[in-house]
Amino acid sequence: MRKSIAFLDLLLQSTIDGKPLSNEDIREEVDTFMFEGHDTTTSGLAHTLYLLARHPNAQQKAYEEVQQVLNKSKTEPITMKDLQNLKYLECVIKEALRLHPSVPLVTRVSEEEFKIGDFTLPRNTHVILPLYAVGRDPEYFSNPDDFLPERFLSENTTKMHPFAFVPFSAGPRNCVGQKFAMLEMKMIIGKVLRDYEILPLGPDIMPIMSLILRSTTGMNLGLKPRA
């Protein structure tokens with residue numbers, strides 16, 4: 001059996017051009033993993049709960065699924081199979097990330113000259129990809145500003161352009177932790193739905209673009225214990 005290696009041990013053993021990583025290199029890698037695994041997931045969780053609070057029909061559907069899938073004692077562990085069976089809740093999270101991607105902008109640098117439509121971008125061009133706008137493109141999403149989790153049901157995604165929905169970016173530099181992040185959000189939101197009704201209290205969000213999508217008014221909602 002292959003022995004698992006801790007992340008820090010892996011970095012200590014890694015090399016670039018035959019040379020070990022410097023302390024600064026290792027620190028930057030750790031900062032990246034901490035940043036990606038903390039702030040981004042928090043933003044995704046907050047926006048999903050906020051949208052569920054303001055869309056009671058979607059919340060009820062998600063709650064009924066959670067009750068069916070997680071119909072066990074609260075002391076029993078939630079398994080990977082349980083999380084995989086939360087199909088509708090996954091649609092809810094994806095729709096929340098479409099409307100409010102945790103990282104609203106990503107950047108790339110072109111390695112060679114290429115064309116986009118009638119425009120030619122030279123080599124070493126800095127390209128900004130506005131994921132916040134990409135997810136609201138009416139060419140790919142009807143009623144783009146509406147919260148409609150059903151659009152991500154498997155039967156509705158077969159014709160979706162593979163790069164229309166990319167909240168975790170795409171290609172060789174996409175988010176390495178996206179599967180874990182999705183499982184983490186399903187776990188937390190599933191437990192919240194199981195124990196609480198989420199209520200629409202407080203002001204609406206006012207998005208502000210930064211490294212992580214935030215709101216100047218906070219994320220306001222209420223929790224009511226379920227009977």
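Me: Before turning to any one residue, how are helices and strands defined and numbered here?

Reply: Helices (H or I, at least four residues) and strands (E, at least two) are DSSP runs, numbered from the N terminus. By this rule the protein chain has 8 helices and 10 strands. Serine 169, for instance, sits in the loop between helix 7 and helix 8. The model is a predicted one, in which local features need pLDDT of at least 70 and side-chain atom pairs count only at pLDDT 80 or more, while totals for chains, interfaces and linings use all residues. Residues are numbered from 1 along each chain as its sequence is written, and side-chain values use heavy atoms, with hydrogens and water left out.

Me: What box do the C-alpha atoms of the protein chain fill, and what share of its residues counts as buried?

Reply: Taken along the principal axes, the box is roughly 60 × 50 × 35 Å. Buried means under 20% relative accessible area, exposed over 50%, and partly exposed in between (1.4 Å probe, protein chains only). Of the 227 residues, 35% count as buried.

Me: How should I read a positive phi, and which residue has one of about 65 degrees?

Reply: Most residues other than glycine have a negative phi. Serine 169 has a positive phi of about 65 degrees although it is not a glycine; at 16% relative accessibility it counts as buried. Asparagine 143, also not a glycine, has a positive phi of about 45 degrees. Asparagine 143 lies in the loop between helix 6 (131-134) and helix 7 and is partly exposed at 48% relative accessibility.

Me: Which residue does the UniProt annotation "binding site" cover?

Reply: UniProt positions are given in the numbering used here, feature names are shortened, and annotations may be inferred rather than shown by experiment. According to the unreviewed UniProt entry, the annotation covers Cys175. In the model, cysteine 175 is in the loop between helix 7 (154-157) and helix 8, and is partly exposed, with a relative accessible area of 22%. Glycine 171 lies in the loop between helix 7 and helix 8 and is partly exposed at 41% relative accessibility.

Me: Is helix 5 mostly covered or mostly uncovered?

Reply: Helix 5 is mostly covered, with 10 of its 13 residues buried. Among them are Tyr88, Ile93, Glu95 and Arg98.

Me: How do helix 3 and helix 8 meet, and at what angle do their axes cross?

Reply: Axes are lines fitted to C-alpha atoms, for helices over the stretch in contact, and angles run from 0 to 180 degrees between N-to-C directions. The axes of helix 3 (residues 56-69) and helix 8 (residues 178-195) come within 9 Å and cross at roughly 95 degrees. That makes helix 3 roughly perpendicular to helix 8, a term for angles of 65 to 115 degrees. Contact means heavy atoms within 4.5 Å; here Gln59, Ala62, Tyr63, Val66 and Gln67 of helix 3 meet Gly190, Leu193 and Arg194 of helix 8.

Technical notes:
Parallel < 35°, antiparallel > 145°, perpendicular 65-115°, else oblique.
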